[in-house]
Amino acid sequence: MVRGLWERDREYATLAGAVKVAAEGQGGLVMIEGAAGIGKTRLLAEARRIAVQADAKVMAARGMELESDFAFGVVRQLFDPLLIGATSQQQEALWQGPAGQVREILGVAGVPAKPLGEFAALHGLYWLTVNLCQDQPIVLLVDDLQWCDAPSLRYLAYLLPRMEGLSLVAVTALRTGEAPVDEYLVHQLATDPAVQEVLRPAPLSVTATSRILEESLAKPIEHEFAVVCHRASAGNPLLLAELARTWSAEHLAPTAADAGRVLELRTPAVTHLVQARLQRLPAEAITLARSVAVLGDQTSLTIAVALANAMHAQASADNSPSFTPGLEAVTVLEQQDILHLEHDPVNEAVLVSFTHPLIRSAVYDTLDWAQQAAAHVQAARLLIDMDAEAERIAAHLLNVPATDELAAVRILQAAADQAVARGAPGSAHLYLARCLHEPLTPQERWRVLAMAGEAALRVDAKAAVEHFRQAQSLSGATSTVDQAELAVPYASTLLYTGCIDECEQVIIDGISKLSNEQEDLRRRFQAWLVIIVCNIPGHEESRDYVTSLQRLPSHDSLGGRMLDCALALKESNSGNPNAILRAQRGLAGGPLMEIAGNFSNTAWMSLAYADDPEVADLINEMVDQVHRRGDLATLAGIHYSRGLVWLRRGQLADAEIDLRESLQMMGKTSMQLAGNLLTAWLAQCYMEQGKTDQAATLLDAASDVYIAPYLSDARAQLLYINGDYEQAVQTALSCSEQCDAIGIRSPAPISWRTWAMLSLLRVGKKDQANSLVEEELQLARHWGTPGPLGRALRNQAQLQTGVAQLETLREAIDILKPSTARLEYAKTLAAYGTALRRSGQRNQSRMPLRYALDLATSCGAAPLAEYTLSELIIAGGRPRSTALSGPAALTPSERRVAELAVSGATNRTIAQSLFITPKTVEVHLSAVYRKLGVKTRTELTPQLLQL
């Protein structure tokens, strides 16, 4: 047993093991959960000691109630000591790559000149962490996770799934029984697969209670006394320690005879015990403790003394002169285990903190509400006089009612601007929401509501709706043009939150108020109306109106491009080939991401449905820009669009990576309109790889609130794969009805006819199957792109025999061969080889089957590869001794990594360039070496990569 660590052997062993494997690049998270005072902080201290002994760097922070709204407050606690202590050479190494873009977040270079998107902030912090891990393992400790600010929680949630291969272990402590600052993010952390273990320390036994009392009181303990103390403290170490201190202060003996006195202490809660102990201290010590409780942990002792003076002066009815709590008061509070001091070498200051958050709460609660508010006002005034950071001052303003005397509106708006610039819109929203409690003119209120709505968009869409709604009600507070411009994000937010009818009405009202000169704004409204009718059933009047928009001439403006992108999706759904030109026109002036609600995604989807060979390059061009300044919702859209492209091309591994990444990012935002699209596409990706259990889990958890046809399409595919043909037909026909309700006729976005047809064949209903195939083929020929047409021809061949079947399959092969639809090509080659074999042409069947096997293996389509292999063996052919090799076997991601490696880039540089983890680079390079037949990086040459 470790000295002073009673009955925690298992917890100690887990922490020691986690630190040990961190040095081997097996990072992860150990979470300690438990009630207040159960010993979580003590275990974190032990983890620190283990880390120091293992020569690991320690990054430690503690969530604090007062700073729970301070953007990246915990992150700054983690990084500041290491950055401050680094030499100039070390600093240069730490800020390499994307890490350099977060210098401002950590206060190294002031506030960013341009707002830093949320994703850019998280990605930069991740790379700063990677850079820190290069020389030594890191042990990252976060206490009181429940009070961790939301941006810092997002950093931890972003870091955790990317820890593989890093010499890093995180240990967090979470108090149960108290609502976290962001319950959803804390839940994400606790349930992430990278969590190595969740430790839940148990209450202490009577034996441990007796030993602890002996150490604390320095006297022998009678068993009956220990039993009563155990019962009174419920085995909680902190409560037990407070009981011991109170008992010692009362000069009582720890005997059975005096054991009954323990119960006289009433409920032995920490608050009661600490407050009782506090009452016996000098007035100077009490006031100093209260000032620290108001200011929060790790505050300057100088500021704490200044606030104590102000609090004393305000509390003194006789206007007695201020007093200065001296060394004696500080010493008393240290001796009583209420405060502890530490030296800040950078600012040459003494910092003061409470020994435990519960003690801080107990001291804070000795002030009534009015005294607390007055103290926070005084603290804000002190910080203003010191020209402190706006967010530091705002933390106190959040705890006081409206006040004119501190220029609260100006400070809160400045704090919001800082938070936005640092990629923390959630904190900005809180500051602006507090602004609304101040006396404002109608014009000021409208402006603050508009700013609050924009800030809330990324973190709390429902709150954004309410802000926008209130701003729109102030019709006389601003110009008609300003109101109309604000109505566009208002409408989009209503759509995201499911207020479809209200969204439609806001759009219609907005359009009706525009003049003829406001064509750009009109088309922005119209673009959102198109999104409604493309995804939500009903809205017949709007549906007719949207149809008429297709006849409008093009308009060279942001709104015109947005409308083109939206209409491209509508026309893709209906099977109108004009969609391709419209999508290209919408993208002609550059991507429309952050500025226009991710409308580039609708154009990219249209081009993906058309098997456009250049769409992946268009998306990749946007990736770098968004990674450097963008937010999570924007990047999530890029990833799901690119994931769709890879899925349509049969690059299943890359599709899975992008779609999973997007789904993960969507989970950290309030923008989840596309959630069903992602779920359906990822489920299809899993099924093509043979991962049917994972597909089923995804689809079972999905809700049919939005975009239901895509889910039904995927479910029909899963039912067919599982052999439930009758149900597959019913689900596919239900998908058909859902498609009709939102205008999807084309076989390009959704392939329900395929699953219905194949299932109908299985149950002997060939006539119905034939009717569906004829319809699908007619629509595919009208749409005219290779993937859907090749699939429709292959489906038609299923209903044919002999020469007709072979001719249809050859036509499909000719269409698919030059296209990007490699998986459809592989499926068609396999069907052609099988048809040749069954017609008696065994020799001729082997070549298409071999090529189909190579393509299926290259795509990662395990079920197709298995089927094709069995057909090849039946045909008398020998499978290749190895899978498809050479440049053609490389996936797009592997090729990008290989090209950078050939250019001389290091693994870290490659990872930074492609916004992936160093571990992912290693995995890709291993696959490249195997496929190209080399063993090391030095053997890679440009010639090896040529197709």
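Contact here means heavy atoms within 4.5 Å. This is a predicted model, in which local features need pLDDT of at least 70, side-chain atom pairs count only at pLDDT 80 or more, and totals for chains, interfaces and linings use all residues. Residues are numbered from 1 along each chain as its sequence is written, and side-chain values use heavy atoms, with hydrogens and water left out.

**Stop 1: T754**

Select T754. It sits in helix 37 (residues 752-762). Helices (H or I, at least four residues) and strands (E, at least two) are DSSP runs, numbered from the N terminus. Leaving aside residues up to four places away in sequence, T754 touches E776, R791 and N795. Is T754 buried or exposed? T754 is buried, at a relative accessible area of 5%. Buried means under 20% relative accessible area, exposed over 50%, and partly exposed in between (1.4 Å probe, protein chains only).

**Stop 2: the cysteines**

Select C735 and C739. The sulfur of C739 has its closest cysteine sulfur in C735, 4.0 Å away, which is too far for a bond. A disulfide is a pair of cysteine sulfur atoms within 2.5 Å. The structure holds 0 disulfides. C739 is buried, with a relative accessible area of 1%. Now jump to C229: this residue is buried too, at 2%.

**Stop 3: helix 33**

Select residues 675-688, which form helix 33. How many of its 14 residues are buried? The count is 14 of 14, so helix 33 is largely enclosed by the rest of the structure. Check its length next. The end C-alpha atoms are 20 Å apart, in agreement with the 20 Å that 14 residues should span at 1.5 Å a residue. That expected span is 1.5 Å times one less than the number of residues. G690 follows helix 33 and has a positive phi, near 90 degrees.

**Stop 4: helix 42**

Select residues 842-859, helix 42. Its 18 residues reach 25 Å from first C-alpha to last, close to the expected 26 Å. Colour the buried residues, among them P848, L849, L853 and D854. What do they pack against? Show helix 32 (652-666), helix 41 (822-838) and helix 43 (862-874): the buried residues of helix 42 pack against these. G860 follows helix 42, with a positive phi near 85 degrees.

**Stop 5: A36**

Select A36, in the loop between strand 1 and helix 2 (40-53). A36 touches R175, N236 and L358, not counting residues up to four places away in sequence.

**Stop 6: the cavities**

Rolling a probe the size of a water molecule over the atoms shows where empty space is left. On a 1 Å grid over the protein atoms alone, a cavity is a set of points where a 1.4 Å probe fits but cannot get out, and lining residues have an atom within 4 Å of a point. Grid points are joined across faces, edges and corners, and a volume is the space filled by probe spheres set on the points. The structure holds 6 cavities of 30 Å³ or more.

The largest cavity has about 90 Å³ of space. Select some of its lining, including R62, E65, D144, W147 and R360. Helix 16 (residues 357-364) gives the largest share of that lining, 3 residues.

Finish at the second largest cavity, about 70 Å³ in volume. Its lining includes L29, M31, L156, A170 and T172.

Methods. 1 Å grid on protein atoms, 1.4 Å probe; cavity = no way out; pocket = protein on both sides within 12 Å on 5 of 7 lines; lining within 4 Å.
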